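The paragraphs below lead through a model of a complex, from a single helix to the cores and then to the contact between the chains. Please keep the structure open while reading.

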Amino acid sequence: MMHTLSLVSVVDDDESVRESLPDLLREFGYAAQAFSSAEEFLSSEYLGQTGCLILDIAMPGMSGPELQKELARLRHEIPIVFITAHGDESTRPRMLEQGAIDCLSKPFSDSALLEALKAALGAY
Amino acid sequence: MVVTTENCGEENGDLQRFTGDLKKILARAPTGGKGIFSQELSDLLEMLVGMLDLEFAYVRIDDSIGTEAFELVRTAPSWGAIRPHELGCLLRESLGQDWRRWLSRQRTMIAGRETSIWCLQLGSEGGGTLATGSSRIEFPKERQQLCLSVAANCMKVARVSNERRRAFETIDQEVARRTQGIITLSEDQRREIVELRRVVESLRVREIDIQLIVDAIPAPLAIMTAEGEVEAVNRPVLEYFGNSVEELKRWSTIDAVHPEDLQSTISAWRRAVESGEPYEVESRHRRSDGVYRWFHVHGFPLRDTDGHIVRWCVLQIDIEDRKRAQNALRSSERNLDLIINSLPALVWSARPDGSAEFFNQYYLNYVGLSLEAAQDWGWTTAVHRDDLSDLAGAWQEIMNSREAGEKEARLRRFDGTYRWFLFRANPLRDEAGNVVRWFGLNTDIEDRKRAEEALRNTQAKVAHMARVMTMGELTASIAHEISQPLSGIVTNASTCLRMLGADPPNAPGARETARRTIRDANRASAIIARLRALFNRKAPVSRPVDLNEATREVVALSLDRLRRDGVDLRTELSKGLPLVLGDRVQLQQVILNLVQNALDAMNAIDHEPREMIIRTERGESNQVRLSIQDSGPGFDAVEVDRLFDAFYTTKCEGMGIGLSVSRSIIENHHGRLWAVPNDGRGVTFSFSIPQNPEDVTSEHDFEARGSLTGNSVERNP
């Protein structure tokens, strides 16, 4: 068990993701918080404590990449792992190019997620 | 093995834009209508320049009805204004003086700029050309080509109909003018004679002074004795000849009548006096100033109550103007004959009973018949056998209606080739409205027919592409809908496993995550049920389908990709294949999906030949089978069983939906879809479905076996 729990925040408009992913993250040994929109995350107290952000790309309101830009503007350098339900082969390279740690297509395996988190938090 | 979904979004967007462009062009298709043709063409050019990002679009229309050629041009703003003729000159400098020989595609310098040119001829016999230019080296891409071809077809159709309309107008005007001239002249003259004669005869009854009679008549008139001597003349006669009555008594010796007409006048006069019958003669009389004018001379006897001839009355009507008009008419008729014989159209006339009496030289040359052979009903030997009864029926209807009418039919040219013509007949009526003659014009519409057909084919292709495209859209949307709950299932199940594997196991947590797994799985099934309902709403249309024909269309849609991927395609479409009962579009979606799978699979190989064989044949127990064989990397036996499961894929990006949907379509057709590894490389996917119980075989069995070489898809020798 880690000494200080790293906080992983999940931002996704899909309820089943918000429900299931934090439990898995806790099983991995991270602290987890879920938010249903970019706006909710930006206004929350967890913004400053988040060590890694798992971020859905397509959401109503502010999209994932828009949130990424907003965070950069606010100088919050949080490593981001994007997740998406649009299995487009051009998406992942584009996201990596824009500074994401990884981009996972839904559904993704727990090991793929764990790899990405390790990379994110190691890089932090 | 691979399954398609990637890139659907982007490609669909392109296709939709392209379909939209084609629709816009078709909506702007010129009609060739009177006075608006060039405006319509300008509008279309303007649109093409914007839509296809052209530097310029130039059109030249030549027409055979005698008007000069006209040129139009539209340019991109970067080119600025340039007059059509200027650009025409520049193009001729670069591409050659004879625009009919311009190469369809080349890159050259125009006005000092390196430009890619693409030209399309508007008609097989040099009716015009459409030339477009772009600075881009890859111009025109395939879709630009298709857009421009559709536009050129539209122009071609409009040009032909514009020309045809003007040919009709020319003929109609000439016929009307000639008819009017003839009617007016003879009418006037007849009325005048009747009126004068009535006046004279009414005076005669009173047997009064001769001079009184002659002075009462406004036209030149002479009274002769029963023996034929001039007795009295009226003032108009004296004024005209400038001679006294005494001199006029010797009219035959004083050049009053033109020497050339004198003999015929004297003999007509003698015959009348001997027989006592009225006479008529046309002769030239010398006016006082020495000028001869034509007169119509009408002499008739005046009798006493016993019936004896007492005097002759000779009316002289000045017909100089009529004669001149007649001469003019004759020369205009000669002109008309010239026009009619040199018109590049088949001109004819027929009697009221429909039998033909006249054909212009062009007609006779065209069908290779003499006038004698073509007359009456002889011309029908040149009409295509299949069109003859329809044409005869239409001709009968036109005659019954006594109104202008038209009908299309094929005519045999002297060399034996048949071309489509529009037969058009216009009635010429007398005053009572009875048809006295039919005038007809047959116009060659072969080019128009071809252009129309090409246009129809293009439209059908576009419509079909749009329908088959929805397969890709559907696949993408299913993939997205399903991946959401699927993501929950995977995550929950992973969590559940981890909770159970912990020491001690977290049983309540595992139970909760397992419960969520089931819930998400149910959610996924609900989505599938919804999608299935969506499918079912568009209930498959069951019709007899020719699988060979359906396959050819799919192959045509895939030609671009086949060429790009360098695939050697062979088709072995079985002759006399029974029709199947089913939904043509759905079956084509399956075929397209299998073709795309095979292409995707072969993308993985680089050094071996890429070969695809599409085969149709009769299967066992009244089934029809279609197989698509590829030379891709293939798959192992374990994979075969899972291939058709939804979401199963060996392709890194695919979602595995295409094959499972394909299989459900085939199962809906009471058929089977399966895959077998080849002996050598690759896989063969096959489906078989029951043949149509009506047991009709495919109608089009031309090219039953062959390879596609026409579009750069070439078969290895």
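The buried residues of helix α3 of chain A pack against α2 (38-42), β3 (50-56), β4 (80-84) and α4 (91-97) of chain A. This is a predicted model, in which local features need pLDDT of at least 70 and side-chain atom pairs count only at pLDDT 80 or more, while totals for chains, interfaces and linings use all residues. Residues are numbered from 1 along each chain as its sequence is written, chains are lettered from A and ligands numbered from 1 in the order in which they are written, and side-chain values use heavy atoms, leaving out hydrogens and water.

Helices (H or I, at least four residues) and strands (E, at least two) are DSSP runs, numbered from the N terminus. Helix α3(A) spans residues 64-73, and its buried residues are Gly64(A), Pro65(A), Leu67(A), Gln68(A) and Leu71(A). Because they cover an arc of only 155° around the axis, they lie on the same side of α3(A); the arc is that of the directions from the helix axis to the C-beta atoms. Lys69(A) and Arg73(A), on the other side, are exposed. Buried means under 20% relative accessible area, exposed over 50%, and partly exposed in between (1.4 Å probe, protein chains only). After the helix comes Arg75(A), with a positive phi near 60°.

The largest nonpolar core has 37 residues, and Leu547(B), Ile591(B) and Phe687(B) are among those with the most contacts inside it. Such a core is a set of buried Ala, Val, Leu, Ile, Met, Phe, Trp, Tyr and Cys residues joined through side-chain atoms within 4.5 Å. Its largest share, nine residues, comes from α16(B). Not counting residues up to four places away in sequence, Ile591(B) touches Leu547(B), Thr551(B), Val554(B), Leu626(B), Ile628(B) and Phe687(B); contact means heavy atoms within 4.5 Å. A second, separate core of 31 residues includes Phe18(B), Leu45(B), Val49(B) and Cys147(B).

How much area do chain A and chain B bury between them? The value is about 2,000 Å², 50% of it on carbon and sulfur atoms, where buried area is the accessible area (1.4 Å probe) that two parts lose on being put together, summed over both. Of the area that chain A buries against chain B, Glu27(A), Glu89(A) and Pro107(A) supply 26%. The contact takes 20 residues from chain A and 23 residues from chain B. Five salt bridges are counted between the two chains, each a side-chain nitrogen of Lys or Arg within 4 Å of a carboxyl oxygen of Asp or Glu. The side chains of Glu19(A) and Arg516(B) form a salt bridge at 3.9 Å, N to O.
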